[in-house]
Amino acid sequence: MRYKILLALLGILTIPHTVPAKPAETRPSTIPAFTWDESNEPKIDPFFTPASLLKCSLDEIRKCKTMVLWGLKEKDRRAVFARIQQLPELSELQLFGCDLSQLDQSDPLPAKVKTFVIAGGKVCQSTLRWLSKVPGETKVTFGGCDLRGMKFNFPERTWLKFDSCELSAPAATELVTRSEQVIFLQCTLSD
Amino acid sequence: MRLKTLFCFLILLLPAIGPVANADERMDELNYSGEDFLQVPKGDLESCGTLELDGFKEKERSAVLRRVTELPKLTVLNLTGCDLSLTDEKDPVPTKVKVVMIAGGKLSQKTIRWLSKFPTGTGIAFAECDVRRLEFDLPNVHFLAFEHCEVLKSQIPKLVQKHDVRFTENTFHDDK
């Protein structure tokens, strides 16, 4: 059930970033397997596991703008985030089923990322401290996360979305009153 | 400025509701005052998909709402600056509407009871409304949005528990 929700969430989140493929007659016929963005460059498949990300050479992924990372474990965290830091054009980072419990404010945030999605995995208060360093006007989505007992300290202009999450009622109230925009979808609140 | 904000608001809300019409079907967007709306020949309204009613008064309410329910293609209803305070569950609702936007005007608990009659899956957006003291008992509603509204802090948990909801730049008040 949770994976269905995550899949739906991924679908919704991916739609606005999908560049429509050019009509077949305008594509180079020799490379039919690729889709093409507007600059006519091959589009990088945004789906990575920690292993596949660390296996890629930096040149292969240097132009990656959106990354969907599945199943990060604590043992890979430093290497994976060091690699993510090296992507100068990365503007959207989706972390699915990742262990983010050991991240904290001393870890750097990818500088140009304006959209974060955290779906499932392990999230704790130190993860939120890490994420709270985002600049204003960043969009942060939590999907299927248990956030009960956690406090949020995002900049006022962060746009927040909680999909199928559990939160404490006072934290939800504080979020709404402090943030420019907050969306709740199918959330459960506890006292 | 207000219209631009409201238009953006509506555009943002639509993806959450889903497509409201086939692309090949002709759907008009029409904008009337309550008085003008009652004067328009019925034939001119048949292809109306989006209707904005600007400032109808209590004396026009029954006739206007009856006419709204006669629009066969209406899926988006914008009520701007309208007195809806006496609208209640006895008033008719258009059956194909997917999005209702209420901007400004007058609301009461009766209005919420009227809104509860809208079809299952409807999205309702409130903009620049004072919604303090209102209980949002809207089980059929798919999505609620509040933008630039006056809201009580104590309303927030109830809204989140019951509905999919978006809050944007509202003013929040403590209960007295």
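These legends describe close-up views of a predicted model.

**Figure 1. The two domains of chain B.** Chain B is divided into domain 1, made of residues 1-13 + 28-129, and domain 2, made of residues 151-176. Between the C-alpha centres of domain 1 of chain B and domain 2 of chain B there are 23 Å.

**Figure 2. Strand S6 of chain A and its neighbours.** Strand S6 of chain A covers residues 159-163 and is mostly covered, with four of its five residues buried. Strand S5 of chain A, residues 139-143, is joined to S6(A) by five bridges, and the two strands run parallel. Within this pairing, A:Phe142 has A:Phe162 in S6(A) as its bridge partner. S6(A) is also joined to strand S8 of chain A, residues 181-185. Here too the strands run parallel, and five bridges join them. In this pairing A:Trp159 stands opposite A:Gln181 in S8(A).

**Figure 3. The largest nonpolar core.** The largest nonpolar core has 89 residues. Which of these residues touch the most other members? They are A:Leu95 and B:Phe126. Domain 1 (1-13 + 28-129) and domain 2 (151-176) of chain B both give residues to this core, so the core lies between these two domains. In soluble globular proteins, nonpolar side chains tend to be buried together.

**Figure 4. The surroundings of A:Leu95.** Leaving out residues up to four places away in sequence, A:Leu95 touches A:Leu69, A:Leu72, A:Leu100, A:Val117, A:Ile118 and A:Gly121.

**Figure 5. Where chain B touches chain A.** In this view, 12 residues of chain B are in contact with 14 residues of chain A. On the side of chain B that touches chain A, helix H5 (155-162) and strand S8 (164-168) of chain B each supply at least two residues. The largest share of this side of chain B comes from S8(B), which gives five residues. By residue type, the side of chain B that touches chain A divides into six nonpolar, two polar and four charged residues.

**Figure 6. Strand pairing between the chains.** S8(A) and S8(B) pair across the two chains. In which sense do S8(A) and S8(B) pair, and over how many bridges? The pairing is antiparallel, over four bridges. In this pairing A:Val182 stands opposite B:Phe167 in S8(B). S8(A) is also joined to S6(A), by five bridges and with the strands parallel.

Note on methods
Residues are numbered from 1 along each chain as its sequence is written. Chains are lettered from A and ligands numbered from 1 in the order in which they are written. This is a predicted model: local features need pLDDT of at least 70, side-chain atom pairs count only at pLDDT 80 or more; totals for chains, interfaces and linings use all residues. Domain bounds come from an automatic or database domain assignment. A residue is buried if 20 or more other C-beta atoms lie within 10 Å of its own, exposed if 12 or fewer, and partly exposed in between; C-beta atoms are placed from the backbone. Two strands pair if DSSP finds at least two bridges between them. A nonpolar core is a set of buried Ala, Val, Leu, Ile, Met, Phe, Trp, Tyr and Cys residues joined through C-beta atoms within 7 Å. Two residues are in contact if their C-beta atoms, placed from the backbone, lie within 7 Å. Ala, Val, Leu, Ile, Met, Phe, Trp, Tyr, Cys and Pro count as nonpolar, Asp, Glu, Lys and Arg as charged, and the others, Gly among them, as polar.
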